[in-house]
Amino acid sequence: MKIAITLAFLAILGSLGAALYFMMRRNGSNADSSKRMAGALAVRVGISVALFICLLIAWKLGYIQPTGLAVSDL
């Protein structure tokens, strides 16, 4: 599970880097660069949403357990 999460984070960072590359690139048409940047950012959002949903499903199925602070009764 840790490997899958790590790979998803690396894919998110790669997509963010690609968007930065297309934003900073000066040659070529501006419209083409903007479309490619928007596409890379859309991929990043899609991967982030898929990762969040997969984490929720894994938690519900018991594959991962929360390890944060215990909830106290107030």
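**Entry 1**

I began with contacts, counted as heavy atoms within 4.5 Å. Among contacts in the chain between residues at least 6 apart in sequence, 56% join residues at least 24 apart. I note that this is a predicted model, where local features need pLDDT of at least 70, side-chain atom pairs count only at pLDDT 80 or more, and totals for chains, interfaces and linings use all residues. Residues are numbered from 1 along each chain as its sequence is written, and side-chain values use heavy atoms, with hydrogens and water left out.

**Entry 2: the chain as a whole**

I looked up the secondary structure: two helices and zero strands. Both kinds of element are DSSP runs numbered from the N terminus (helices: H or I, at least four residues; strands: E, at least two). I then checked burial. Of the 74 residues, 12% count as buried. Buried means under 20% relative accessible area, exposed over 50%, and partly exposed in between, with a 1.4 Å probe and protein chains only. The accessible surface of the chain comes to about 6,100 Å². Carbon and sulfur atoms own 70% of that surface. The areas come from the Shrake-Rupley method with a 1.4 Å probe; for residues, only the protein chains shown count as cover.

**Entry 3: helix H1**

H1 covers residues 2-24. I tested its length against the expected span, 1.5 Å times one less than the number of residues. For the 23 residues of H1 that gives 33 Å, and the end C-alpha atoms are 33 Å apart, which agrees. The buried residues in H1 are Ala8, Ile12, Ser15, Ala19 and Phe22. What covers them includes H2.

I took Ser15, in H1, for a closer look. Its relative accessible area is 8%, so Ser15 is buried. Leaving aside neighbours within four places in sequence, Ser15 is in contact with Ala40, Val43 and Arg44.

**Entry 4: helix H2**

H2 runs over residues 30-61. Its 32 residues should span 46 Å at 1.5 Å a residue, and the end C-alpha atoms are 46 Å apart, so the two agree. I list Ser33, Ala40, Leu51 and Ala58 as the buried residues of H2. Their cover includes H1. Gly62 follows H2, and its phi is positive, near 90°.

**Entry 5: C-alpha distances**

- Ala4 sits in H1. It is partly exposed because its relative accessible area is 46%. Ala4 and Leu51 are 47 residues apart along the chain, with C-alpha atoms separated by 9.2 Å.
- Ala11 is also in H1. At 33% relative accessibility, Ala11 counts as partly exposed. From Ala11 to Val43 I read 9.3 Å, C-alpha to C-alpha, across 32 residues in sequence.
- Ala42 belongs to H2. Its relative accessible area is 48%, so Ala42 is partly exposed.

**Entry 6: surface patch**

Which residues form a nonpolar patch on the surface? I found Met1, Val45, Val49, Phe52, Ile53, Leu56, Ile57, Trp59, Leu61 and Tyr63, with about 1,000 Å² of accessible area together. Patch members have over 30% relative accessible area and no salt bridge; like charges are joined within 9 Å, nonpolar side chains (Val, Leu, Ile, Met, Phe, Trp, Tyr) within 5 Å. A salt bridge is a side-chain nitrogen of Lys or Arg within 4 Å of a carboxyl oxygen of Asp or Glu. I checked one member, Ile57, which lies in H2. Ile57 is partly exposed because its relative accessible area is 45%.
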